[in-house]
Amino acid sequence: MVLNEAGGKRERRRGAYGIDAPYALFGLGCGAVGATVAGFATLSGPGMGVAWLPFLCALVMAVGFVLYVHATRRGKFAVWEELLDALELRGDERILDLGCGRGAVLLAGARRLPEGHAVGVDLWRAADQLGNAESATSRNAQAEGVDARVDLRTGDLRDLPFEDGAFDVVLSSLAIHNIKEAEGRRKAVAEAARVLRPGGRLVIVDIGRSVARYGETLGTLPVSGIAVRSVGWRMWWGGPWMRTQVVTASGAAG
């Protein structure tokens, strides 16, 4: 069950949303197990005086594992419920989710649009999210009962197949950082601003220092009210060194 900020109950999620960057979670788990084994091996050898070191490493990785699981299974959903609530949607908007994956954010937005429409764009790469596929997102939309007002597209965030100002709200969650080149990330942010209508709202959630650079890019574009902040421990991907931030902005009036 998802709770809102005031503690009120929300409808239980019916979709299956996978694990973000599963290779990273696997690495934390393997690291914790490997460090524990190394610690016990040290206890049985001549270097007992430093046995605490691998056990300390194992503890850090185990805590990181727990934080990562919480972020991908619960934390990101709670954070996005608050971000979407803050938009105070009327219910007739057009929403675009960049890098929608299996639809966690896309479908949460669609539930708030009884008279609107939500569009999700992705390249559907399983390395970015466990089981990421257009068919999986489509099944989740059906399970959540919003498939009639959701459209899925295959596309590159650096070259969106939409007209200027086509959307009232543009969202993105943990997607743009997957573009390896800095210039490519800059293009994706510029495209997000291009398809945002005047007065529309932009919300990009992503990992680490990249978000500040998104804000710098937005500062060169026709948007206003740019703000960058942390979303807190609920989206720590293993620890505070992999924290999540959000940048928000509004489309400049035409």
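A salt bridge here is a side-chain nitrogen of Lys or Arg within 4 Å of a carboxyl oxygen of Asp or Glu. This is a predicted model, so local features need pLDDT of at least 70 and side-chain atom pairs pLDDT 80 or more, while totals for chains, interfaces and linings use all residues. Residues are numbered from 1 along each chain as its sequence is written, and side-chain values use heavy atoms, with hydrogens and water left out.

**Stop one: the charges.** Select E81, D85, R111, R112 and E144: salt bridges link them in a network. Zoom in on E81 and R111, whose closest N and O atoms are 3.5 Å apart. E81 sits in helix α2 and R111 in the loop between α3 and β2 (117-122), 30 residues apart. (Helices, H or I with at least four residues, and strands, E with at least two, are DSSP runs numbered from the N terminus.) E81 counts as buried because its relative accessibility is 7%, while R111, at 26%, counts as partly exposed. The cut-offs are under 20% relative accessible area for buried, over 50% for exposed and in between for partly exposed, with a 1.4 Å probe and protein chains only.

Now pick D20 and K76, which meet in a salt bridge of 2.6 Å, N to O. D20 lies in the segment before α1 and K76 in helix α2, so this pair ties together parts 56 residues apart in sequence. Both D20 and K76 are buried.

**Stop two: the inside.** Which residues touch the most other members of the largest nonpolar core? Select W80, V150, L171 and V203, out of 39 residues in that core. Helix α2 gives the most to this core, with eight residues. Such a core is a set of buried Ala, Val, Leu, Ile, Met, Phe, Trp, Tyr and Cys residues joined through side-chain atoms within 4.5 Å. Around W80, leaving aside neighbours within four places in sequence, look for contacts (heavy atoms within 4.5 Å) with V105, L171, S172, S173, V203 and V205.

**Stop three: helix α6.** Show residues 210-218; the buried ones are S210, V211, Y214, G215, T217 and L218. They cover an arc of only 160 degrees around the axis, which puts them on the same side of α6. The arc is that of the directions from the helix axis to the C-beta atoms. Those buried residues pack against α5 (182-194), β5, β6 (223-230) and β7 (244-251).
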